[in-house]
Amino acid sequence: MLLVIDIGNTNTVIGVYENEELKSRFRVATDLKKTSDELVATLFNMLAIKQIAVENIEDTIMSCVVPDVMYNWQSANRKLFDREAIVVDSDTPTFLTIDYENPREVGADRIVDAVAAYSKYGGPAIVVDMGTAITFDVVTEDKKYLGGSIAPGIRIAQDGLFGATAKLPKIELMVPTSAIGKNTSEAINAGIVYGYIGMIDSLIEILEREMKEKYGIDESDITVVATGGFSELISQSSKFIEIIEPDLMLEGLRIIYERNKNL
């Protein structure tokens with residue numbers, strides 16, 4: 001079995017694959033204060049809950065956008081499985097050509113998303129990952145990663161709003177029934193959800209226009225794939241998002257592992 005670990009700014013998502021099948025997945029908070037021993041306990045307990053024996057894990061691949069926790073996760077992997085994990089970065093071999101001013105600046109999450117989206121749906125494609133930051137990544141039909149855009153995520157907007165105002169309540173986001181909220185909670189929910197739908201759709205529209213003007217790519221050929229924690233909430237009302245892939249990062253890690261396991 002293969003253990004895949006996606007360490008994000010807010011959450012760490014862990015999956016276990018048996019060949020190409022995702023057998024289990026679980027999510028824990030990304031905690032800068034956790035020691036490697038605590039991470040060992042977390043992994044051991046999560047695997048036990050899913051009735052997966054530690055000795056059945058044959059290898060580990062991980063991506064991380066939080067450098068301060070990377071060492072402890074690598075150390076935890078060594079302690080629990082007695083082997084080094086494969087860590088995805090800009091130098092990891094993939095089938096993509098990174099067309100970026102400085103390829104080392106491209107986050108591992110963006111590379112993994114692009115690999116997974118192209119592998120499943122081909123190109124040209126736009127991948128929208130709605131995490132702590134919202135990333136928009138463009139891949140061409142000839143396997144070239146062109147770059148994209150980065151915007152503040154929905155959780156950042158929520159925290160900023162509630163942290164900077166004295167009387168506005170913190171709410172759970174849901175699909176709004178109207179933009180004309182009849183109470184404060186409804187008004188906040190509508191403003192955040194509809195506001196982000198508008199921002200995301202506007203950026204996708206601009207990206208598609210630039211792909212046509214700069215690279216001769218027809219908008220009708222572009223597949224738009226969404227992933228990340230808020231993808232289902234936002235994508236329901238998007239004019240452009242066609243596909244929702246909640247486990248896109250995990251799938252990308254598996255694909256990259258298969259390409260690199262014998263190198």
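Five strands make up an open sheet in the order β3-β2-β1-β4-β5, and their pairing is mixed; strands here are DSSP runs (E, at least two residues) and helices are DSSP runs of H or I with at least four residues, numbered from the N terminus, while two strands pair if DSSP finds at least two bridges between them. The edges are held by β3 (21-29) and β5 (86-87), each of which has a single partner strand, so one side of each is left without a neighbour in the sheet. The model is a predicted one, in which local features need pLDDT of at least 70 and side-chain atom pairs count only at pLDDT 80 or more, whereas totals for chains, interfaces and linings use all residues. Residues are numbered from 1 along each chain as its sequence is written, and side-chain values use heavy atoms, with hydrogens and water left out.

Strand β4 (residues 59-64) pairs with β5 in the parallel sense over 2 bridges, and M62 has V87 in β5 as its bridge partner. Helix α1 (residues 36-49) packs on this sheet, touching β1 (2-7), β2 (11-18) and β3, and its direction makes about 135° with that of β3; such angles run from 0 to 180 degrees between N-to-C directions, the axes being lines fitted to C-alpha atoms, for helices over the stretch in contact. Helix α2 (residues 67-81) also packs on the sheet, where it touches β1, β2, β4 and β5, with its direction at about 175° to that of β4.

A further open sheet has 6 strands in the order β6-β9-β8-β7-β10-β11, again with mixed pairing. At its edges stand β6 (97-98) and β11 (243-244), and because each has a single partner strand, one side of each is left without a neighbour in the sheet. Strands β7 and β8 pair in the antiparallel sense over 6 bridges. Helix α3 lies across β7, β8, β9 (144-152), β10 (223-227) and β11, running at about 125° to β9, and helix α5 (residues 184-215) lies across β7, β8, β9 and β10, running at about 20° to β8.

The UniProt annotation "active site", from an unreviewed entry, covers D109; such annotations may be inferred rather than shown by experiment. D109 lies in helix α3 (residues 108-121) and counts as buried, because its relative accessibility is 19% and buried means under 20% relative accessible area, with exposed over 50% and partly exposed in between, for a 1.4 Å probe and protein chains only. Leaving aside its neighbours within four places in sequence, D109 is in contact (heavy atoms within 4.5 Å) with V65 and M249.

UniProt also places the feature "binding site" (unreviewed entry) at D6, I7, G8, N9, T10, N11, T12, V13 and T132. Although these residues are spread over 127 residues of sequence, they cluster in space, the largest C-alpha distance being 13.5 Å. Among them, I7 is found in strand β1 and is buried, with a relative accessible area of 1%, while T12 has its place in strand β2 and counts as buried at 0% relative accessibility. Leaving aside neighbours within four places in sequence, the contacts of I7 include T12, M62 and W73, and those of T12 include I7, F26 and W73.
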